[in-house]
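Dear colleague,

I am passing the structure below on to you, and after it I set out what I found when going through it. Please read the notes with the structure open beside them.

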Amino acid sequence: MSIKVQVRPNESLEAALRRFKRQCNYGGVFRMAKANTWHEKRSDARRRERRERIRTIQKATRKAQRRAGGRVR
């Protein structure tokens, strides 16, 4: 994955750098770099991914219930 930012006419270098950092953040570059900093056992990775999936499903369920007008308990 490569992120490219072209400096626009009359744009400061600081503004272009801010856009680059934002694109890296949205693209998940920082998250991938942090994840690859240490070795993670396969069993730990599966356990973490399972927790993340469950959290995503629960969040989507709560959001759907709120949209439907039901209370979350």
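Starting at the N terminus, the elements of the chain run α-α-α, which amounts to three helices and zero strands. Please keep in mind throughout that this is a predicted model.

On overall form, the chain has a radius of gyration of 19 Å, whereas a compact globule of 73 residues would have one near 11 Å. The C-alpha trace spans about 55 × 40 × 15 Å along its principal axes. The chain is divided into domain 1, covering 11-38, and domain 2, covering 41-72, and the centres of domain 1 and domain 2, taken over C-alpha atoms, are separated by 26 Å.

Turning to α1, its 15 residues should span 21 Å at 1.5 Å a residue, and the computed distance between its end C-alpha atoms is 21 Å, which agrees. The buried residues of this helix are Ala15, Ala16, Arg19 and Cys24, and they pack against α2, which covers 29-35. After α1 comes glycine 28, with a positive phi near 85 degrees.

Glutamate 11 lies in the segment before α1, and its relative accessibility is 19%; because the limit for a buried residue is under 20%, glutamate 11 counts as buried. Its side chain reaches the backbone nitrogen of arginine 8 at 2.9 Å, and a polar contact of 3.0 Å joins it to the side chain of arginine 19, a residue that is itself among the buried ones of α1. Leaving aside residues up to four places away in sequence, glutamate 11 touches Gln6, Ala16 and Arg19, and of these, Ala16 and Arg19 are listed among the buried residues of α1.

Phenylalanine 20, by contrast, is placed within helix α1 and counts as partly exposed, since its relative accessibility is 32%. With residues up to four places away in sequence again left out, phenylalanine 20 touches Ile3 and Val5. The C-alpha atoms of phenylalanine 20 and threonine 37, which are 17 residues apart along the chain, are separated by 22 Å.

Definitions and conventions. Residues numbered from 1 in each chain as written. Predicted model: local features only at pLDDT ≥ 70, side-chain atom pairs only at ≥ 80, totals over all residues. Heavy atoms only, no water. Helix = DSSP H or I, 4+ residues; strand = E, 2+ residues; numbered from the N terminus. Buried < 20%, exposed > 50% of the residue type's maximum accessible area, 1.4 Å probe, protein only. Polar contact = N/O pair within 3.5 Å; in protein donor to acceptor, adjacent residues only side chain to side chain. Contact = heavy atoms within 4.5 Å. Domains from an automatic or database assignment. Expected span 1.5 Å × (residues − 1). Rg over C-alpha atoms; globule rule 2.2 N^0.38 Å.
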